[in-house]
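The following note is intended for reading alongside the displayed sequence and model. Its points move from the chain as a whole to helix packing and then to the loops.

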Amino acid sequence: MFKTNVFLGTGSHNFVDIKDKKIKKRTTTSTCMKLTYNISFALLAITFFVLTISFSQAPDSLKEYPAYNKKLPFQSERNSYKKNNPVKIILDSDIGQDCDDAAVMALMHKFADNGEAEILATMFPMQDPMGAPAMDVINTYYGRPNIPIGTYKGNYQYIGKLYDHYNTKLAINFPHDLKHGNDAPDAIALYRKILANQKDKSVVIVAVGPERLLGDLLKTGPDTYSKLSGWDLVKKKVKLLSLMGAGFPKDQEWNIKIAPDAAKLVAETWPTPIVYSGNEIGKAIRTGSRLLTETPETNPVRASFENHPFVDKVTKDRQSWDQTAMLFAIRGPSDIWTLENNGYNFIDETGKNEWRRDTDKDHSFLILKKSASEVQKIIEDLMVAPPALKKR
Ligand SMILES: [Ca+2]
Ligand SMILES: [Ca+2]
């Protein structure tokens, strides 16, 4: 157990905004019956029909909570998703475990090609020395060979078996110049260096693996890059944390359970809005087969899918967990997602999570508004688009 105000110790301990939210009851059937012969009945009926349609994607246990009526937290920032205002991104990915981590890098680079994103760095939260080289391979393929790459240098023992399904293969077979994790800087120091140099409230972190680096970053003290503690630096510089992790209304998802203390710490103390893309979101969206038919053998993202044992043998597709967090981070809710933001994501010591409503924190989770096949097409179009920049 930890006590938040011991190691954060920076004055702002009441970062959880407890608001008194009243849950409005939906219009009941009996109310409707009273208005049967009234013109307003017709209006109510139409409204009810539209609401029913728009709630149709929500998990059953959430339908009684009409939090969807609340203003979405990003509505006022819609303009920031325009092309002339690229989102400054740091990607934190456990590449090598699953192939959606390679795919999320494809999305990130295409967003940068489109002018929708500016890539500040990519971070690898595991000890595998070939993770950073694999990231360098994909950055190089997309014509950005010099993106800073940080790697985890600590000795935390993840709970569960870890894999290098394709990192070494990418490093052996594709051009890049970062040959070993030992040659990459410490990811937590790199986070601090990069955040210190950015404008206030400008950085969006997309984290699609365990939250080891994020949890440890919060606990850092002042250094040569900044006088601020990690918590204060994040509060000052970060706009949004878009996470793939957990599941809703409850789950015990891999990214959370292999480093539960870090995920718990982030959920309880991270000082910016957090948007979770839960297990159930990416699970429903299957992508990857078009990499084989529409991209060349020189594409390392294709190679990561070809080398991953969990890609479906027949359809050649895989679940799209990680890509959804990137898609949201860059394009916001748009017409793809609804956000549930009434409550908070509770995480226990074993990595089980549950959406709770007794307190309201700055947490949200994604609910699919479009059909899974429509979002599949959006994601896969980005995954197969060729690099816009020439390799350097
Ligand atoms: Ca490089
Ligand atoms: Ca991942």
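1. Helices (H or I, at least four residues) and strands (E, at least two) are DSSP runs, numbered from the N terminus. On that basis the protein chain has 16 helices and 13 strands. This is a predicted model, in which local features need pLDDT of at least 70 and side-chain atom pairs count only at pLDDT 80 or more, while totals for chains, interfaces and linings use all residues. Residues are numbered from 1 along each chain as its sequence is written, and chains are lettered from A and ligands numbered from 1 in the order in which they are written.

2. A residue is called buried if 20 or more other C-beta atoms lie within 10 Å of its own, exposed if 12 or fewer, and partly exposed in between, with C-beta atoms placed from the backbone. Of the 392 residues of the protein chain, 46% count as buried. Two residues are in contact if their C-beta atoms, placed from the backbone, lie within 7 Å. Among contacts in the protein chain with a separation of 6 or more, 83% join residues 24 or more positions apart.

3. Helix α4 comprises residues 100-113. The expected span of a helix is 1.5 Å times one less than its number of residues. For the 14 residues of α4 this gives 20 Å, and the end C-alpha atoms are 20 Å apart, so the two values agree. Of these 14 residues, 13 are buried, which leaves α4 mostly covered. G115, which follows α4, has a positive phi, near 80 degrees.

4. The axes of α4 and α15 come within 7 Å and cross at roughly 20 degrees. Angles under 35 degrees count as roughly parallel, over 145 as roughly antiparallel, 65 to 115 as roughly perpendicular and the rest as oblique. The two helices are therefore roughly parallel to each other. Their crossing is right-handed; a crossing has this hand if the near helix is turned clockwise from the far one by less than a right angle, and is left-handed if anticlockwise. On the α4 side the contact is made by D100, D101, A103, V104, L107, M108 and F111, and on the α15 side by W321, D322, Q323, M326, L327 and I330. By class, these divide into 9 nonpolar, 1 polar and 3 charged residues. Here Ala, Val, Leu, Ile, Met, Phe, Trp, Tyr, Cys and Pro count as nonpolar, Asp, Glu, Lys and Arg as charged, and the others, Gly among them, as polar.

5. Helix α4 also packs against helix α16 (residues 372-384), the axes coming within 8 Å and crossing at roughly 80 degrees. That angle makes α4 roughly perpendicular to α16. A103, A106, L107 and K110 of α4 meet I379, L382 and M383 of α16. This contact has 6 nonpolar residues, no polar and 1 charged.

6. Helix α7 (residues 187-196) and helix α9 (residues 230-237) have axes 10 Å apart and an angle of about 40 degrees. The pair is therefore oblique, and the crossing is left-handed. R192, L195 and A196 of α7 meet G230, L233 and K237 of α9. The residues involved are 3 nonpolar, 1 polar and 2 charged.

7. Helix α11 (residues 260-269) is mostly covered, with 8 of its 10 residues buried. The buried residues include K264 and T269, along with P260 and L265.

8. A246 is buried, because 29 other C-beta atoms lie within 10 Å. P249 is found in that loop too, between β5 (238-244) and β6 (250-251), and the peptide bond from F248 to P249 is cis, with omega near 10 degrees. For context, most residues other than glycine have a negative phi, and most peptide bonds are trans.

9. S334 counts as partly exposed because it has 15 C-beta neighbours inside 10 Å.

10. N342 is placed in the loop between β10 and β11 (344-347). With 20 other C-beta atoms within 10 Å, N342 is buried. N342 and H363 are 21 residues apart in sequence, and their C-alpha atoms are 8.1 Å apart in space.

Technical notes:
Axes are lines fitted to C-alpha atoms, for helices over the stretch in contact, and angles run from 0 to 180 degrees between N-to-C directions.
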